[in-house]
Amino acid sequence: MPIAEVARTWYLRPQDLPADVAASGLEVTAGYKPLRDSGTFSYAAHAAVVSIDTELGDVRILDYVICEDGGTLINPAIVDGQVIGGTAQGIGTALYEEMPYDASGQPLGSTLADYLLPGATEVPDARIDHMQTPSPLSMFGQKGLGEGGAIGPPAALANAVNDALAPLGVEITQLPITPHRIVAALLARSSA
């Protein structure tokens with residue numbers, strides 16, 4: 001029986017369905033995987049240099065470099081905007097944005113006064129190096145772009161922070177890397 005007939009029967013005459021077919025609903029799942037990679041995904045690498053105020057736990061980004069391969073850049077200014085905007089979002093993920101709850105499950109970050117976001121002073125003037133490896137599978141050689149800016153910063157900043165804290169015998173393994181977490185780790189290390 002064709003799927004269209006099964007669907008029509010289920011929708012218009014569910015009483016005519018076989019006993020082993022649930023009248024509560026039909027579900028179909030299908031997926032698509034191309035025979036080869038589409039070659040339209042961008043690639044990026046991020047690197048950061050930070051300084052840490054060990055008294056306050058404040059992380060300051062001193063230098064930030066991004067190498068991005070978006071294929072043929074149709075509009076480089078828009079590409080830079082996407083990369084910088086994504087990087088700002090990733091910095092928020094790495095250092096600021098957290099949704100804490102109290103013991104009874106009530107949110108403690110219900111306003112932007114509590115839920116921190118990076119502002120203009122927290123987002124560095126990142127250096128962007130564009131590689132342009134055209135995709136052979138898109139009309140102009142372009143690749144998808146935008147997510148790479150948000151994915152790289154948490155790892156780059158966590159590595160930079162841990163590199164800066166390594167001489168003190170401290171490692172932070174939870175995001176966001178808040179001043180509280182840094183100071184708590186430093187105090188725990190000094191009392192051990």
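Which residue in the turn of the hairpin formed by strand 1 and strand 2 has a positive phi? Gly57 does, with a phi of about 80°, and 4 residues lie between the two strands. The structure is a predicted model in which local features need pLDDT of at least 70, side-chain atom pairs count only at pLDDT 80 or more, and totals for chains, interfaces and linings use all residues. Residues are numbered from 1 along each chain as its sequence is written, and side-chain values use heavy atoms, with hydrogens and water left out.

The mean pLDDT (the predictor's confidence in each residue, from 0 to 100) of the protein chain is 89. A value of 70 or more is reached by 95% of the residues. Among the elements (DSSP runs numbered from the N terminus: helices, H or I, at least four residues; strands, E, at least two), the lowest mean, 82, belongs to helix 1 (residues 3-12). Strand 2 (residues 58-69) has the highest, 96.

Strand 1 (residues 43-53) pairs with strand 2 in the antiparallel sense over 11 bridges. Pairing requires at least two bridges found by DSSP. Val49 has Asp63 of strand 2 as its bridge partner.

The axes (lines fitted to C-alpha atoms, for helices over the stretch in contact, with angles from 0 to 180 degrees between N-to-C directions) of helix 2 (residues 76-96) and helix 3 (residues 147-165) come within 7 Å. They cross at roughly 40°. Helix 2 is therefore oblique to helix 3; angles under 35 degrees count as roughly parallel, over 145 as roughly antiparallel, 65 to 115 as roughly perpendicular and the rest as oblique.
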